[in-house]
Amino acid sequence: MLPHPPNFAPVGATSLFAGARLPVWQAYLVPLALMAITDPIVARFYHVAAYSPYQIFVYGSFLIAVWLGRRLRGTESIPRIAAVSIVSSMQFFLISNFGSWLWFEGYPKTAAGLGSCYNAALPFFGRTLASDLIFTGVLFGLHAWLSRTVAARERVAAAA
């Protein structure tokens with residue numbers, strides 16, 4: 001909700017973290033609720049429609065991030081968490097921009113048009129990747145620290 005550069009937001013990292021640390025029904029609910037609540041507010045600010053079929057691609061991508069996060073249950077491995085965060089950023093880029101190409105005017109509905117859409121979106125990918133890595137580090141790092149100092153029962157069991 002705070003002003004931020006385009007595609008520099010914590011939603012992808014929150015989805016990944018939710019998948020890794022919350023019960024399954026809560027994990028999938030978090031990004032859907034987050035987006036459903038904030039999209040109308042943001043849309044009003046930018047004078048655009050609150051919901052469109054394009055958002056199926058965005059919401060679906062965040063649900064895939066939750067699914068990817070489920071692969072991180074029981075681990076605090078920084079390299080593994082970072083790798084899954086990168087994969088999550090990549091799938092968001094591919095899926096959301098495919099939806100953009102498919103739904104919005106501006107690019108011909110050809111392979112060349114899809115390539116142009118992905119090429120134009122590359123600057124946004126850098127911000128998505130950076131924000132996902134930063135916010136993932138913050139969320140998983142805070143969880144690891146707090147589970148060792150404040151709420152020991154929340155500590156992730158060491159993988160065998």
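Visitor: In which helix is the place of Trp25?
Guide: The model is predicted, so local features need pLDDT of at least 70 and side-chain atom pairs pLDDT 80 or more, whereas totals for chains, interfaces and linings use all residues. Residues are numbered from 1 along each chain as its sequence is written, and side-chain values use heavy atoms, without hydrogens or water. Helices are DSSP runs of H or I with at least four residues, numbered from the N terminus. Trp25 lies in helix α2.

Visitor: Why does Trp25 count as exposed?
Guide: Exposed means over 50% relative accessible area, buried under 20%, and partly exposed in between (1.4 Å probe, protein chains only). Trp25 is exposed because its relative accessibility is 57%.

Visitor: How far apart in space are Trp25 and Ala121?
Guide: In sequence, 96 residues separate Trp25 from Ala121. From C-alpha to C-alpha, the distance between Trp25 and Ala121 is 32 Å.

Visitor: How far does α2 reach from its first C-alpha to its last?
Guide: Helix α2 runs over residues 24-46 and has 23 residues. After α2 comes His47, whose phi is positive, near 60 degrees. The reach of α2 between its first and last C-alpha is 33 Å.

Visitor: Against which helices do the buried residues of α2 pack?
Guide: Ala27, Pro31, Met35, Thr38, Asp39 and Ala43 are the buried residues of α2. Contact here means heavy atoms within 4.5 Å. The partners of these buried residues are α1 (11-21) and α3 (55-70).

Visitor: Is His143 buried or exposed?
Guide: The place of His143 is in helix α5. Residues touched by His143, not counting those up to four places away in sequence, are Phe17, Arg21, Glu154 and Val156. With a relative accessible area of 14%, His143 is buried.

Visitor: Which element gives the largest share of the lining of the second largest pocket?
Guide: A pocket is an open set of points on a 1 Å grid over the protein atoms alone, where a 1.4 Å probe fits, with protein on both sides within 12 Å along at least five of seven lines; lining residues have an atom within 4 Å of a point. The lining of the second largest pocket includes Arg21, Glu76, Ile78, Leu133, Phe140 and His143. Two or more lining residues come from each of α4 (78-103) and α5 (111-149). The largest share, 7 residues, belongs to α5.

Methods: The expected span of a helix is 1.5 Å times one less than its number of residues.
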